[in-house]
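Work through the exercises below with the model open. Try each task before reading its solution.

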Amino acid sequence: MSAVTQTAVIARRNLLHVRSDPQQLVGMTIQPLMFLLLFVYVFGGAIAGSSRVYIQYVLPGLVVQGVTFWAMQTAIGLNTDFQHGLVDRFRSLPIARSSVVAGRIAADVLRTGWGAVISVAAGMAFGFRLHTSVAGVVGALGLILAWGFALSWLMAFLGVSLRSAETVQTAGFLLVMPLGFASSVFARASTMPGWLQAFVKVNPVTVVADAARGLMIGGPVAAPLLKSAAWLTAITAVSWALTVHRYRARA
Amino acid sequence: MDQPAIDVAGLTKSFGRTRVLDGIGFTAAEGTVLGLLGPNGAGKTTAVRILCTLLRPDSGRAAILGHDVVREPQRVRSLIGLTGQYAAVDDMLSAQENLYMIGRLLGLRRRAARRRAGELLAEFGLSADAGRTVRTYSGGMRRRLDLAASLVGEPRVLFLDEPTTGLDVASRGQLWDLISGLAAGGVTVLLTTQYLEEADRLAGRVVVIDHGQVIAEGSPAELKERSGGQVIEVRPARAEDLPAVTRLLTTITGTPATADRDTVAVPATDPGQLGAAVGLLGREHIPVSQIGLRLPSLDEAFLRITGERAR
């Protein structure tokens, strides 16, 4: 029995949870709509002169931001599993050490995919227009999910390292807030003060959002895509190693 | 000679400055039930977690059927089943889905996993509720499911960490029957418990640990004997005679007698003291509904053993 099958079994288990807790998906459906309405219609006019212009700029980034926030579920879910003793059962089985975390992440990325598709569909309904090909949109969604995957590994590390669910929630929030907001998601870096620009320009959310924007409405793609790839690889590799180490060592 | 199913020697484990296990050692022959008895914080759970490869010992040796828990953890995991203090089942899945999942993780094909889940659900009386979310289960049902989950892989050594803590009497009895059945089927069981009645009922041998050390071991009968002779027990016919009977037994044996709701008990230092008690009660015209000698309960033995150590 391979680690891949074990991962799939765990992923299935996590997806089945949606059935007894459908709020998970309801939240992922409503939240993108609310963010869209808020940013496009409340702030859009002030930021870009008109909400119709602003939605073109903000939608790709909003999807990236949503995925960034949803990644916290990985941390909270794993932490809960630990507290309920379920992980003890998994760890006492002769299965691959990484499959419990990998299965959770696979399920979370799939759920995130649902939220991302809903976000784009809602954006189109509110007037967002694609300026590139279908391949561009598919590529953008793929990149955004890859970002969710990488960030989920980082969140998994928090989930298995920290003791209480409250601490996990706080730490996750402290990580996700600056990443999501101090980025190019809502406004171009060039409009911000220099000290902030320094952070915004290296922020992985910025490079992923820039690449997604390029892929969906046109503009530079190669450079942000390359930077994204570097970030995602680095975050995944480091977090994976740390998480598996912590998972093994946790008492 | 057959190798023991569980073989532990000189095991130590500290958390920070607290020494939880201080060189404990014991063995269990294959097919036997070993009770690990001790007060809260004695190190029972830590010992079980080390044996189940969830925790690494600081020093010492622990092996399951000859396989070292530190050097060959995956081999050990394929031989054991664990039922911990908290039912380690997925609340959001049904019982069937829980067992099916474990079967699939253990490498069973879909159909085999489904069949094994069905067998266990039937055996544990959960077939009728198999499709319900575990969240809606009673405490007793969850524990039964938890035990079933630890049996999916047909383990040869089963660890039960306080399997009946918090259960009502009926559920406890049900679980005891299931555990006895498993032991009869040849599974080696290590059972930790605070309930002496449980150890008495299930375990062929008992190891008493306190402060991370083994302080006594033997069969339940041996432990009762070792903790000092027999007990005179008197149940007066009228509750108002309890104080008089307590005084009388204390005078006869020279040891303070203890009274509970309707019975007075005192350790007998000499079997002749029973006759003396009968005579004296008759002379004082105290009617009794029951009088006799009995072995101390495992509770009394346990308190005496741990109490001696504390002094």
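**Exercise 1. Find the handedness of the crossing of α1(A) and α6(A), then describe their packing.**

Step 1. The crossing of α1(A) and α6(A) is right-handed. A crossing is right-handed if the near helix is turned clockwise from the far one by less than a right angle, and left-handed if anticlockwise.

Step 2. Locate the helices: α1 covers residues 3-20 of chain A, and α6 covers residues 99-125 of chain A. Helices (H or I, at least four residues) and strands (E, at least two) are DSSP runs, numbered from the N terminus. This is a predicted model: local features need pLDDT of at least 70, side-chain atom pairs count only at pLDDT 80 or more, and totals for chains, interfaces and linings use all residues. Residues are numbered from 1 along each chain as its sequence is written, while chains are lettered from A and ligands numbered from 1 in the order in which they are written.

Step 3. The two axes come within 7 Å and cross at roughly 50°. Axes are lines fitted to C-alpha atoms, for helices over the stretch in contact, and angles run from 0 to 180 degrees between N-to-C directions.

Step 4. α1(A) and α6(A) are therefore oblique to each other. Angles under 35 degrees count as roughly parallel, over 145 as roughly antiparallel, 65 to 115 as roughly perpendicular and the rest as oblique.

Step 5. List the contact: α1(A) contributes residues including A3(A), Q6(A) and I10(A), and α6(A) contributes residues including S99(A), R104(A) and L110(A). Contact requires C-beta atoms, placed from the backbone, within 7 Å.

Step 6. Sort by class: 10 nonpolar, five polar and one charged. Ala, Val, Leu, Ile, Met, Phe, Trp, Tyr, Cys and Pro count as nonpolar, Asp, Glu, Lys and Arg as charged, and the others, Gly among them, as polar.

**Exercise 2. Describe how α3(B) and α5(B) are oriented.**

Step 1. The axes of α3(B) and α5(B), residues 139-149, come within 10 Å and cross at roughly 20°.

Step 2. The pair is therefore roughly parallel. α3(B) passes α5(B) in a right-handed crossing.

Step 3. A95(B), N98(B), L99(B) and I102(B) of α3(B) meet L145(B), A148(B) and A149(B) of α5(B). Six of these residues are nonpolar, one is polar and none is charged.

**Exercise 3. Describe the side of chain B that touches chain A.**

Step 1. Count: 23 residues of chain B are in contact with 19 residues of chain A.

Step 2. α2 (73-77), β6 (80-83) and α3 (95-105) of chain B each supply at least two residues of this side. α3(B) gives the most, with four residues.

Step 3. The side divides into 13 nonpolar, six polar and four charged residues.

**Exercise 4. Is R71(B) buried or exposed?**

Step 1. R71(B) is in the loop between β5 (67-68) and α2 of chain B.

Step 2. R71(B) has 9 other C-beta atoms within 10 Å, so R71(B) is exposed. A residue is buried if 20 or more other C-beta atoms lie within 10 Å of its own, exposed if 12 or fewer, and partly exposed in between; C-beta atoms are placed from the backbone.

**Exercise 5. Which residues does R205(B) contact, leaving aside neighbours within four places in sequence?**

Step 1. R205(B) is in strand β9 (residues 205-210) of chain B.

Step 2. The contacts are T32(B), L34(B), E217(B), G218(B) and S219(B).

How values were computed. Contact = placed C-beta atoms within 7 Å.
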